[in-house]
Amino acid sequence: MKIRDLMARIFLLAAILVAGTSSLHAQKERKAIRQGIKSYEKGDFNEAEVQFRTAGDMNRESFEAAFNTGTALYGQEKYEETVKQYEPVVDMAEDPETRSRVYHNMGNSLLEAGQYGPSIEAYKESLRLNPGDMDTKYNLAYAKQKLQEQQQQQQQQQQNQQEKDQQQQDQQQDQEQQQQDQQQPDQQDQQQPDQQDQQQQDQQEQQEQDQQQQAQPLQISREDAERMLNAIQQQENEVKEKVDKKKAAVAKVKTEKDW
C-alpha cells in the first residue's frame, strides 16, 4: 500500500488561480510562478523552489507561491520543511476544499517523515473539511496501519532489550557465583592448616598439664592428714570389734554342742 499523492494535481490547480492585474510587479510574480511550474514538471524541484520563493518574496500574501513552495520542498523529500511551510498556508486558503488539500499534503509530508500520529491528525482535519475525499481516507487508513506496525516494532524492540538485559544479568550472576565457588575452597585450604596447628597446640598443652599433675606430689595440710589417719584408725577398730564378736559367737556355739 502506498500513499496517494495529490501534490502535482493541487500544484497545477493552484497555478491556474491567477488574479487579474496589469501591474508590472504582478507580472513578474506570475512569471516566476510559471517558471517554477516548468521546473517542477521537469523534475527540477530545487529550481522550482527558487522560483516559487522568488514569487513569494514579491507577494507575501500569495497563496500560490507559498503553497507551491511546499510542493517543491516535498519533491526534494524535505518533509519536515514542507510541514513548516504548509502550517501558515492553511490560514491563507480561501475555501474549505483548498484548506482540506493543504491538510492532506501536510499529512503526506508527516507520513513520509515517519510521524504517523501527527499525519493521522492532519488527515482527520482534511476529512472534516472535505468528508468525501477518498484519497485522504485511503491515506488515513494507511497511516493508521503504519502507526500500528511502528508500535508493534517498538514493543518487540523493548522486549528484545529486556531479554538481552536479563541474559546479561544472569551471566553476571553466574560469573559472581563461580568466583565465590572458587574462593571458598581457597579459604578452606587456608583455614585448615590453621585449625590443625591449633589442635596440635591444644593437645600439647593438655599433655604438659597432665605431666605436671603427675610429677607433683599430692600436698595436704596437717589437719587433713590427722583427720584421715583418725578415720582410718576408727575403721580398723570397727573392723576388729566385728571380728572379735564373730569369734566369740563361734566359740559359744561349739561349747553347747559338746555339752
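Phe-63 and Phe-67 sit in helix 4 (residues 63-75), 4 residues apart, or about one turn of the helix. Helices here are DSSP runs of H or I with at least four residues, strands are E runs of at least two, and both are numbered from the N terminus. An α-helix has 3.6 residues a turn, so residues three or four places apart point the same way. Both Phe-63 and Phe-67 are buried, where buried means under 20% relative accessible area, exposed means over 50%, and partly exposed is in between (1.4 Å probe, protein chains only).

Before going on, a word on the source: this is a predicted model, in which local features need pLDDT of at least 70 and side-chain atom pairs count only at pLDDT 80 or more, while totals for chains, interfaces and linings use all residues. Residues are numbered from 1 along each chain as its sequence is written, and side-chain values use heavy atoms, with hydrogens and water left out.

Now the rings. A search of the whole structure turns up 4 aromatic pairs; two of them are in the table. Rings of Phe, Tyr and Trp (its six-membered ring) pair if their centres lie within 6.5 Å, and planes under 30 degrees apart count as stacked, over 60 as edge-to-face and the rest as tilted.

| Pair | Centre distance | Plane angle | Class |
|---|---|---|---|
| Phe-63 and Phe-67 | 5.5 Å | 25° | stacked |
| Tyr-74 and Tyr-79 | 5.5 Å | 70° | edge-to-face |

Ring pairs also tie Phe-63, Phe-67 and Tyr-86 into a cluster.

Helix 2 (residues 24-41) is next. Buried residues in helix 2 include Ala-26, Arg-30, Ile-33, Ile-37 and Tyr-40. Just after helix 2, Gly-43 takes a positive phi of about 90°.

Zooming out, the protein chain has 9 helices and 0 strands. Of its 259 residues, 27% count as buried. Take the contacts (heavy atoms within 4.5 Å) between residues at least 6 apart in sequence: 59% of them join residues at least 24 apart. The chain exposes about 18900 Å², with carbon and sulfur atoms supplying 44% of that, by the Shrake-Rupley method with a 1.4 Å probe.
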